[in-house]
Amino acid sequence: MALRTKDLLGIKGMTADEIKLILDTAATFKDVSERDIKKVPALRGKTVINLFYEASTRTRTSFELAGKRLSADVINISTSTSSVVKGETLLDTARNLEAMKCNIIIVRHSCSGAPEYLARILKSSVINAGDGFHEHPTQALLDMFTIREKLGRLAGLTVAIVGDIAHSRVARSNIHGLTAMGAKVRVCGPPTMIPPGIECLGAEVTYDMDRAIDGADAVMMLRLQLERQAAGLFPGVREYARFYGLNTGRLAKAASHALVMHPGPMNRGVEISSEVADSTPVILDQVTNGVAVRMAVMFLLSGGTKAEA
Amino acid sequence: MYLCGSIRGAMNLLIKNGHVVDPVNGINKKLDILVSGGKIASVTKPGSIPENGAQIIDASGKLVVPGLIDMHVHLREPGFEYKETITTGAAAAKAGGFTSVCCMPNTNPVNDNRSVTEFILSQAREAAARVFPIGAITKGSKGEELAEMGELRSAGCLAVSDDGKPVMNAAVMRRALEYSKIFDMLIISHCEDIALAAKGVMNEGIVSTELGLRGITRAAEDVMTARDIALAESTGGRLHIAHVSTAGSVSMLRDAKARGVKVTAETCPHYFSLTDEAVRAYNTMAKMNPPLRIADDVNAIKQGLRDGTLDVIATDHAPHAADEKAGEFDYAPFGIVGLETALGLTLKLVEEDVLPLVEAIRKLTANPAGILKIDKGSLSAGSEADITIIDPSLEWTVNASEFKSKSRNTPFNGWKLKGRAVQTIVGGSIEGRDRF
């Protein structure tokens, strides 16, 4: 089995089978990162570009490692040091890269829809590394991989996602993915941060964190961006942490096996207490799994099939 | 008497066998029209006017209506000629069946003084359709100090508006409405609360949530519609609400009119033809301000047109270059062209039984003329012969690459429409291609 399209732009519209294919393939690649020589020749001779219009440590490094462990040639472009600073448009930037015969372009952009636009005009495969508030498909895939790895399944589980849902591409991708795989999703945050119609994507909405966490199998905390306070979305971190922060007391209300997850980077003491952050290794597992999942995605988009992985 | 760009015809014209729809004069039947000296000489029983060497137009099977009037277009000149010029915009108007357009002042420089108004009028002298300038409410449309309304009126502006932007300061809007009474000047308001709209790029709702785009709540328009109605009511100034897009605005306008407030309103074809679903796939051709809303709003708009709450259909024709609308949705400028699709989309409402034909024509002719207080929008004998001949059964497909406008930014490309202007006569003159 292979993926249907040349790109990975979002989880919306992916079938459960496609998601399963990626997760299963990622499991195979996870071993590679455990070896002494972390290399397989799957993407040897292929060129991968990381085109990041937004700052990132975690995601970009993860993609870079994933590409290199597959033996691809990986180039990183961060736009603050590129001719985007000279006013070059997205279209021209992408076309120029394609003219250098790149196979895969990984895009992170602050504008929702930018990767979709590129995918339409480029022959290269485009992987969305996060676009605006829209989607961050590889994050959701690694989150699902992690949950499946730890709890053995996804179907029938209850996952709570807590935080600024309105501005979260991680939340949206996870809602699409988890519901596709048969899990139940609860989203929670202050009303100012719950986007209209999110329930139409299949999530249950609550403003009450205790209700959201009650019996949940996994709790995904989202990073609170402090500039949202200036925009009037919440009155201050003290109140936010009180009502929407994950501390040991609240965590006790979740299932005993509950996973605590966070896409990173964390605001210690805001959405997650240091105690909880330091007592759960799953957050770091997410990072490890991220490389494997990204290897799987690049491999499958390059025409690899699971059998070869 | 208002100055405007116009063309005077010399020869007599006899328009025969057409179905004349003239809402002002209550005419909705087959009649012949004689045009002489650029004016309508007579409108009478078919066959009763001798031909006498006049140029004959056989309008059998066609509708003959007063020249259509679009009271809300952006012609971009001076300053943004790469998007449109007065010449190309007027050509687009004529192609769409419009004999008169009113151009908004958000040019560069803003039309807040006589010299810009006169420049526009001089550029419009040879234009294919009449161009009536709308001046700014405030200097530079900055929303702070009133522009010199008297000067703008005597230079030829029919109304004032800061369109593109609202006048955010209620006190300034109040003074504008009060001051306008000296000149009985129409104040056209772009109703949008900037703080609520924030950095929104489309309607706030399920679609914006799914697409991860910042939304503009319907309240951003409703709040300002409410405010401006209250100000019109307390000052007695004449207010016209531009581009109504929400059910809330329609409802408030209905109540205000019932109370006798001097307020009128327009909507645009896209607000009764599309919803925010058109934005899916990040279609920048569906990005405009106010944004496309949801089905409930579309239905309310249609109802508002039906019951007279919405007086006018105007296009808010907003040309933008292809490069500008390419790329990231967030960065694309707001606006779509509309002159060449408005009539077809309006006739669709007639076909769908939303509006009777006479009312549809009224929204495009008599009503805008009445609001602007210009002697147009009818086929009364003695008036200037601005006439549009429409083939109501002509099926055509919208092809943006054939637009007369310089710009192609329309969400209707490829739409199959029925009904199109085949002849647009300005001052008795027929030039340019016809589609007989």
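Guide: Two strands count as paired if DSSP finds at least two bridges between them. The model discussed here is predicted.

Visitor: What is the order of the strands in the open sheet of chain A, and which are the edge strands?
Guide: The open sheet in chain A has five strands with parallel pairing, in the order β7-β6-β5-β8-β9. An edge strand pairs on one side only, and this holds for β7 (203-206) and β9 (259-261) of chain A.

Visitor: By how many degrees are neighbouring strands of this sheet turned against each other on average?
Guide: Direction is ignored in this average. For neighbouring strands of the sheet, the value is 20°.

Visitor: In β6(A), which residue is the bridge partner of A:V162?
Guide: Strand β5 (residues 158-162) and strand β6 (residues 184-188) of chain A run parallel and are joined by five bridges. In β6(A), A:V162 has as its bridge partner A:C188.

Visitor: Which residues of chain B lose the most area to chain A?
Guide: The contact involves 16 residues of chain B and 23 residues of chain A. About 1600 Å² is buried between the two chains, with 57% of this area from carbon and sulfur atoms. Three residues together give 37% of what the chain B side buries: B:T209, B:E210 and B:Y282.

Visitor: Which side chains meet in a salt bridge?
Guide: The rule finds one salt bridge across the interface of chain B and chain A. The cut-off is 4 Å between a side-chain nitrogen of Lys or Arg and a carboxyl oxygen of Asp or Glu. At 2.9 Å, N to O, the pair is A:K12 and B:E210.

Definitions and conventions:
Residues are numbered from 1 along each chain as its sequence is written. Chains are lettered from A and ligands numbered from 1 in the order in which they are written. This is a predicted model: local features need pLDDT of at least 70, side-chain atom pairs count only at pLDDT 80 or more; totals for chains, interfaces and linings use all residues. Side-chain values use heavy atoms; hydrogens and water are left out. Contact means heavy atoms within 4.5 Å. Buried area is the accessible area (1.4 Å probe) that two parts lose on being put together, summed over both. Helices (H or I, at least four residues) and strands (E, at least two) are DSSP runs, numbered from the N terminus. Axes are lines fitted to C-alpha atoms, for helices over the stretch in contact, and angles run from 0 to 180 degrees between N-to-C directions.
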